[in-house]
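Welcome! Let us walk through a fold together, one feature at a time.

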Amino acid sequence: MKLSPHSSPAEPADLLIRMHNLVGAAVDVTGRNHGQASRWYCHGCGQRSEFPAVDIVSFTRRKANDHAGQCRAAYHHLHR
Ligand SMILES: [Zn+2]
């Protein structure tokens, strides 16, 4: 498992949960703990919350965890 500043960056200020995918890249849930104000982003493959872009944290956590359990990407060069 190789962690880099790209796949495991410094924690953002609004980080709620950091998970790791199958190869150790960070999958971050960010936003607020209340209301429909959380999102997720995978530093391994670049995938992020889809519509609705923000959701309550329990749903966002489940989606992020499902993704982290399947994703094998360590880093991407996709344009955002
Ligand atoms: Zn991913």
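**Reading the hairpin and the fold**

Q: Which strands pair in the antiparallel sense, and over how many bridges?
A: Two strands count as paired if DSSP finds at least two bridges between them. Here, strand E2 (residues 26-31) pairs with E3 in the antiparallel sense, over five bridges. This is a predicted model, where local features need pLDDT of at least 70, side-chain atom pairs count only at pLDDT 80 or more, and totals for chains, interfaces and linings use all residues. Residues are numbered from 1 along each chain as its sequence is written.

Q: What is the bridge partner of aspartate 28 in E3?
A: Tyrosine 41 is the partner of aspartate 28. E2 and E3 form a hairpin with six residues between them, and glycine 35 in the turn has a positive phi of about 75°.

Q: How many residues of E3 are buried?
A: A residue is buried if 20 or more other C-beta atoms, placed from the backbone, lie within 10 Å of its own. In E3 (residues 38-42), four of the five residues are buried, so the strand is mostly covered. Across the protein, buried residues make up 28% of the 80 residues.

Q: What pattern does the protein follow along the sequence?
A: Helices (H or I, at least four residues) and strands (E, at least two) are DSSP runs, numbered from the N terminus. The protein has one helix and three strands, in the order β-β-β-α.

How values were computed. Buried ≥ 20, exposed ≤ 12 C-beta atoms within 10 Å, placed from the backbone.
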